[in-house]
Amino acid sequence: MAKHFAVAGGGWAGFAAAVELVRAGHRVTLFEAARTLGGRARRVSFDGRELDNGQHIMLGAYSETLRIMRAVGVDPGSAVLTLPLQMRYPPGAGGMDFVAPRLPAPLHLGIALLRARGLARTDKMALARFTTTARWMDWRLNHDCSVTELLERFDQTPRLVALMWRPLCLAALNTPPERASANVFLAVLRDSLGARRAASDMLVPRTDLSALFPDAAAAWLLGKGNAIHLGAKVTGLRPAAGGWTVDASGASLGGDWTGIFDGIVLAVSATAAGGLLGALHDAEAAETSGLPARFADLAGQLAAFEPEPITTCYLQYAPGTRLDIPFYALVDDPANQRWGQFVFDRGQLDARQRGLLAVVISASSAAASLPQDALTAAIAAQLAADLARPELANPAWSKVITEKRATYACTPGLQRPANETPAKGLVLAGDFTAGEYPATLEMAVRSGVQAARLLAKA
């Protein structure tokens with residue numbers, strides 16, 4: 001029997017849940033507090049330019065993300081640029097050049113390692129030893145520890161840590177290696193380095209992040225008679241007979257609004273979810289089941305997540321400016337004002353953005369504390385030096401975007417809540433829920449799909 005569900009949150013988890021519920025034969029109404037879809041991975045506009053709030057790379061291992069994109073009519077073949085696994089630094093910048101050929105796994109990694117430039121024999125032997133042993137132990141530790149401790153146990157060389165493992169850890173977990181979970185890092189490596197060759201491919205979006213999935217999902221849902229309210233914030237939840245009462249507010253709703261649904265997917269941030277659950281109360285439930293106390297415990301768990309920012313610095317140059325390849329890794333050294341970790345040539349992804357470079361800084365608390373003009377100048381100087389192109393020191397236009405709560409600190413042993421909550425018909429969805437992956441698009445989608453399946457069978 002078809003039911004009517006509410007989805008609070010128009011990010012990747014919320015839309016994954018909504019699509020799965022409709023595919024299962026149900027009806028949804030989705031509420032998004034912002035005016036742009038995508039949550040913490042969305043399109044932003046500045047000075048007539050449409051940018052992303054943060055440059056992303058996906059992996060070929062993101063099976064659920066690719067599946068749900070196809071389900072709403074997005075063709076990954078045209079929506080992303082597919083590149084083989086690589087860690088390439090600008091020539092002469094003191095880095096390395098590692099590119100996996102398109103050969104079956106694990107042959108592609110072995111040949112990439114043999115061909116790699118900028119690594120000594122000891123570095124290559126250390127990397128081979130790490131991947132072989134990690135595969136033998138099924139890519140998991142019995143007792144979690146930091147990534148730094150993991151790499152020390154495996155005798156990884158300082159150069160390999162600096163040029164391979166640290167950048168990968170920052171990019172995947174958005175948490176410095178000394179604080180990052182080894183088991184979560186190993187799970188990412190298992191499904192990329194340790195899986196079939198295509199799983200290790202790097203997928204760089206050609207479109208903005210809202211267009212990549214949320215916009216298409218919204219159009220798909222609307223086309224099937226479902227409702228989406230932008231600028232509509234869910235302000236409260238209350239149990240109702242056989243379902244849930246949702247309070248919301250926003251101009252698209254004509255002000256304050258209340259509706260009753262068979263169930264709800266709470267697909268907002270951990271902080272927002274904690275606030276809604278902490279405020280949830282019902283006198284009868286307090287006397288009979290202790291639900292408010294159990295929700296208070298869950299709200300406290302959600303409030304304990306430590307946010308980690310990501311900063312992207314966009315620099316516009318003359319339209320003919322381009323990199324030799326779509327993106328480079330950069331040797332970062334914050335002590336010497338070298339903040340950039342990766343630089344992307346947006347013009348190679350979208351011809352309308354010719355001459356636009358995007359420099360990414362993960363776990364960017366220190367960088368984000370700088371004045372924007374000082375950070376921009378330091379990044380431009382870093383590009384000019386590493387790429388041996390003095391003209392890059394003087395961009396014609398720039399914009400620094402910091403997503404302060406881009407992810408959470410993915411620390412060892414972090415307890416993440418299940419999708420299920422203490423109450424029937426109320427589920428959580430988001431990259432912060434229990435799972436092997438860190439706060440990535442894939443984790444958000446997996447969580448949304450799992451939440452929908454739980455709710456549909458409740």
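Select Phe98 and show what surrounds it: leaving aside neighbours within four places in sequence, Phe98 is in contact with Leu85, Gln86, Met87, Arg88, Leu109, Ala112, Leu113, Ala116 and Met164. Keep in mind as you click around that this is a predicted model.

Now widen the view. Phe98 belongs to the largest nonpolar core, a set of 138 residues. Along with Trp165, Leu237 and Val265, Phe98 is among the residues with the most contacts inside that core. Colour those four and you have some handy landmarks. There is also a second, separate core, this one of 22 residues; to find it, pick Cys313, Val359, Ala378 and Ala380, which are included in it.

**Next stop: helix α4**

Select residues 107-115, which make up helix α4. Which residues here are buried? They are His108, Leu109, Ile111, Ala112 and Leu113. You've already met Leu109, Ala112 and Leu113 as contacts of Phe98.

Stay in α4 and zoom in on His108. Is His108 buried or exposed? Its relative accessibility is 0%, so it counts as buried. Beyond its neighbours within four places in sequence, His108 is in contact with Ala100, Pro101, Leu103, Arg197 and Ser200.

**Over to a pair of helices**

Select residues 12-23 for helix α1 and residues 214-223 for helix α10. Their axes are 10 Å apart and the helices pack at an angle of about 30°. Because of that angle, α1 is roughly parallel to α10.

Want to see who does the touching?

- from α1: Trp12, Phe15, Ala18, Val19, Val22 and Arg23
- from α10: Pro214, Ala217, Ala218, Trp220 and Leu221

Sorted by class, this contact between α1 and α10 has 10 nonpolar residues, 1 charged residue and no polar ones.

**Last stop: Thr235**

Select strand β11, residues 233-240, and find Thr235 in it. Not counting residues up to four places away in sequence, Thr235 touches Asp247, Ala248, Ser249 and Leu276.

To finish, try the distance tool from Thr235 to Gly448: C-alpha to C-alpha, they are 21 Å apart in space, and 213 residues apart in sequence.

Definitions and conventions
Residues are numbered from 1 along each chain as its sequence is written. This is a predicted model: local features need pLDDT of at least 70, side-chain atom pairs count only at pLDDT 80 or more; totals for chains, interfaces and linings use all residues. Side-chain values use heavy atoms; hydrogens and water are left out. Axes are lines fitted to C-alpha atoms, for helices over the stretch in contact, and angles run from 0 to 180 degrees between N-to-C directions. Helices (H or I, at least four residues) and strands (E, at least two) are DSSP runs, numbered from the N terminus. Angles under 35 degrees count as roughly parallel, over 145 as roughly antiparallel, 65 to 115 as roughly perpendicular and the rest as oblique. Contact means heavy atoms within 4.5 Å. Ala, Val, Leu, Ile, Met, Phe, Trp, Tyr, Cys and Pro count as nonpolar, Asp, Glu, Lys and Arg as charged, and the others, Gly among them, as polar. A nonpolar core is a set of buried Ala, Val, Leu, Ile, Met, Phe, Trp, Tyr and Cys residues joined through side-chain atoms within 4.5 Å. Buried means under 20% relative accessible area, exposed over 50%, partly exposed in between (1.4 Å probe, protein chains only).
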